[in-house]
Each structure stands twice: as C-alpha cells, then as structure tokens.
Amino acid sequence: MASNSGRRLNIDNINPHVRAAKYAVRGELAVKSEEYRAALQNGATDLPFKQVISANIGNPQQLDQKPITFIRQVLSILENPALLEKGDVLVNHLGYKPDVLERAKKLLAAVGSVGAYSPSNGAPAIRQSIAEFLERRDGFPANPADIYMSAGASSGVNTLLHIICADEKSGVLVPIPQYPLYTASLSVLNATCVPYYLDEQKNWGTDLATIRAAHEKAKAEGVDVRAIVIINPGNPTGASLPEEDIRAVIEFARQERLVILADEVYQTNVFIGEFISFKRMLRQMQKEQPGTYDNIELASLHSVSKGMIGECGHRGGYFELVGFDPLVQAEIYKFVSIMLCAPVIGQCLVELMVNPPKPGEPSYDLYIQEYNAIFNGLHERATALHKAFEQMEGVECGVPQGSMYLFPTIKLPPKAAKAAAAEGRTPDEFYCLRMLEATGVCVVPGSGFGQKEGTLHFRTTFLAPGTEWVGSIVKFHKEFMDKYR
Ligand SMILES: Cc1ncc(COP(=O)(O)O)c(C=O)c1O
C-alpha cells in the first residue's frame, strides 16, 4: 500500500520489527471473517452462510460459553461494593450464596478498590493465595515474592522476553508448531527465534534430539541461546508432556544453562494423560539429587483465559519465578512497574480461579456442576470434530488430548497448490481462505504456527457449539477436493 507522504509516520518509517512480526491467529483471515460478521449483522443475504464461526482463537465466551456463576457473582460485588449493603436481597432474591459475599469482602479488603492501582507485582493477599494454590498443586512451597501478576499470560511472556533478550544475538528456543505469541514477540524485540520441531508421530511430544540439534545449529551460527519455551499442554496440539520429557528438558536446560519458560495456561484442559508442572518436576529432581539442579531458572505462566473459566477478556494471569538472581528479579519488578500493575479485576479473577469454592461450601455444588459441564462439553465437541476429520479425504488428526484445539494434517492435490501459488499464497492459506468464504468458519493455516517443510495443517478450536458448522467443513472439504483433484 502506498504511503501517505503528508504524515510523519508511514509504513516505511515505523518500527520495522513491528512490521516484521507475524500473528496469524488475528491475521488476514480473521479480519475478513469480521467483515463477513459485520455484513451479516447489516442484513447481507448474498453470503453462502448465515453465521461466522471464529474458530481461529481460543475465546470461549465469544462462542457462547457461559461464565461460571460464582466467579461473576463475586466480581459483580467487587465492581459495585454498595451491593453488600443489600446482602439480604443478594442472598434471598438473587441466589447469591453467603460464601460469595464473604469472598467479595475478603478481596475488597485485599485490594481496597478494583478501581485502584495495586502494587506493581500484584496485590500481596492474591499472590499469597496463588502461592497456597501452587503448594497444594505441586506439593512444594511457593513464595509470594516470586509471583508476578500479569494482564493475561501474554503480558507475562512479554515481560520475560524483554528481560531475557539483550540484543539480536539473544536466542530463544521455541516449539514449532507454536502459538505465535513467541515468534511475534521475538520479532518485535529483534531477537532470534530458534525453532525446534515437535514430533507429530509422538502426539506432538518434545524430542530432545531435535531440540539439541536446533540448539547446536543456532550456537554454531553465533546465537547466544538463553532460554527454551515449552508449552504444556501444547497449543496448537493439546499434548500433555509425560514426566520423562519434562525431566529431559530440565536436564538439557541444566547442561546448556537455559532459562525454562513453561507456558502452562492449558493446565486444566487435559483429556488424556496428566498435567505435570515444571515446578513440581524441578523440585522433585532437586530433592532426588541435591545440589545438581540448584541453578535452574524457571518461569512458569498461568492465566484466567483458558481452563473452564475462559475469562480471557478480563486479562488476568501470573508467572512464578524459581532460581532467578535477585538483581535480575529486581529488574523484572522495575519492568512490570513501568506498566504500573496488571488489571486489578483480572487479579481478583486469578484468585477466584486458584481458590474456587471447596466441597461443603455453599457455592460448591453449582460451581462444580458448571465446571464439569464445560469440561465435558469441550471433550464432546473435540471428539465430534475429530470424528468428522476422520471422514475427510486426505485429513489426518491425532485424538484430542487437551487444550482447545485440533491441528489436523491436510494433503491437498497438486492442482490446489498451483492455484494457491497463482494467488501468491501457501496452499494451507488458500485452503483456509476458501473454507472461510464457503462456510463462514474461520480457522488458521498451519503456516501461522510453523510446520515441517512439505506438510500442511490447519488449526481450529473446538469451542463453537452445535454440529452444523462441523458439517459445513466436511461438505466444503469434499467440494474443494473434487474441484482440484
Ligand atoms: C499457549 C498460550 N500461551 C499464552 C496465551 C495467551 O493467553 P492470555 O494472554 O489470554 O493469558 C495463549 C492464548 O491463546 C496461548 O494459547
């Protein structure tokens, strides 16, 4: 697009690293899907579909997932504490349980007002509650001073990468396929992404030989590799890493002196296997071999965006640091201070996520019923979508393991690849664009996450309710294959 020369800023003189960054989950297809959505809202009748399904991003409540009652009841009081003056109305007429009021009072005492800034690293009482959760989860203590609240995990990743990357030679090992936050942030920082491929044949597990080879190659090219990102359970793949893989990564990080960034935002979205936190495994290894793993630096991230809560619009999250130099930690504190603090209502949401109603408490029954219904609904949708993929010619997909996505391989006819090239697109992009145009379903081409040379994929969430949209993908696929056969 031509620059408007009258303006001080134009596309050629802004930060080139921002221009270079790619973020496919909100890229061209997503923009086009929003145009379709607006057209449908304005009464367009010339489109071959009646609704747009945004299967490009893990945004549960946009796709009709209902917020969990306990959480929203507490939040409603936090936003409007005057409701507490009418506690009897809340309890007797609006179905609020007494523990909702108690929790709201406790959180209000912790933060003062959700309209006020908190300390830069988050409200102390909330960090204390997170530390208690981590101890219950892992069986090892956590220190609230090592916990930093963030505006979703994204801002935590942004903080950590800013601290880790000193210059363009600073490298970070990033899994491929991956959620593009990492590649895009490294681009913006003008640091070096060191990709390592996950093993599709092993349910997208980590293969240490591949990681080692990627690391060696980068080192030989003069890259100062400083950290390794592990997404567990994975996005886009949903795979939960087994204990031996986690141990192997920790051992590798020790040998190569790498900071571990464990992105654990899908820790409760696990259908197969068991989520094992890096923190638990590290503490376990430290216990088994005293002294050997003392110098490991681990940052693990969590968020309110996923799980069964799916409150991604509230932007709540945190990261926990283990083994960081206190002087580095002081700079992290300073860095987060520059943004003042994470949204305080999001911090309260984190507290509600890590400390939900317990058995016997008044809100528990409804909470657990809603939680389980969301979990089972996600599993059922994932299974139905997987079944549909099994019927589709040239499509292969591992059984759903977790997270919110499926990432099938697609084999497209050479004629489709030719037609894609004629449009200056990759075949997977071409396929996903045609799918959007035909069905209103917006998915993301595998190239947006990285994929092995010669392979094609797409990523779709399994959040959308109903089966009609799945049927429309099956129909589109058949017609596409017939056209380009
Ligand atoms: C693996 C992974 N990490 C981090 C994020 C960012 O989530 P948020 O910033 O909403 O917490 C996402 C979002 O989809 C993700 O999939």
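Predicted model: local features only at pLDDT ≥ 70, side-chain atom pairs only at ≥ 80, totals over all residues.

Trainee: In which sense do S7 and strand S8 (residues 317–322) pair?

Mentor: DSSP must find at least two bridges for a pair, and S7 and S8 are joined over six bridges. One point of contact lies at alanine 299, whose bridge partner in S8 is leucine 321. The sense of the S7 and S8 pairing is antiparallel.

Trainee: Over how many bridges do strand S6 (residues 259–263) and S7 pair?

Mentor: Alanine 299 in S7 also stands opposite leucine 261. S6, helix H11 (residues 278–288) and S7 make a β-α-β unit, and this unit is right-handed. S6 and S7 pair in the parallel sense, and the number of bridges is four.

Trainee: Are the residues of strand S7 (residues 298–303) buried or exposed?

Mentor: In a regular strand the side chains alternate between the two faces of the sheet. In S7, Leu298, Ser300 and His302 point one way, whereas Ala299, Leu301 and Ser303 point the other way. Strand S7 is largely enclosed by the rest of the structure, because six of its six residues are buried.

Trainee: Which residue stands opposite tyrosine 405 in S14?

Mentor: S10 and strand S14 (residues 458–461) pair in the antiparallel sense over two bridges. Opposite tyrosine 405 stands threonine 461.

Trainee: Which helix gives the largest share of the shell around the ligand?

Mentor: The shell divides into six nonpolar, seven polar and one charged residue. Of the 14 residues around the ligand, those that come nearest are Gly152, Ala153, Ser154, Ser303 and Ser305. The largest share, three residues, comes from residues 152–164, that is, from helix H7.

Trainee: What feature does UniProt place at residues 98–467?

Mentor: Over residues 98–467 the chain is 44% helix and 15% strand, with the end C-alpha atoms 39 Å apart. For these residues the UniProt record, an unreviewed entry, gives the feature "domain: Aminotransferase class I/classII large".

Notes. Residues numbered from 1 in each chain as written. UniProt positions renumbered as here; feature names shortened; annotations may be inferred. Near = placed C-beta within 6 Å. Nonpolar A, V, L, I, M, F, W, Y, C, P; charged D, E, K, R; others polar. Buried ≥ 20, exposed ≤ 12 C-beta atoms within 10 Å, placed from the backbone. Right-handed = clockwise from strand over helix to strand, strands pointing away.
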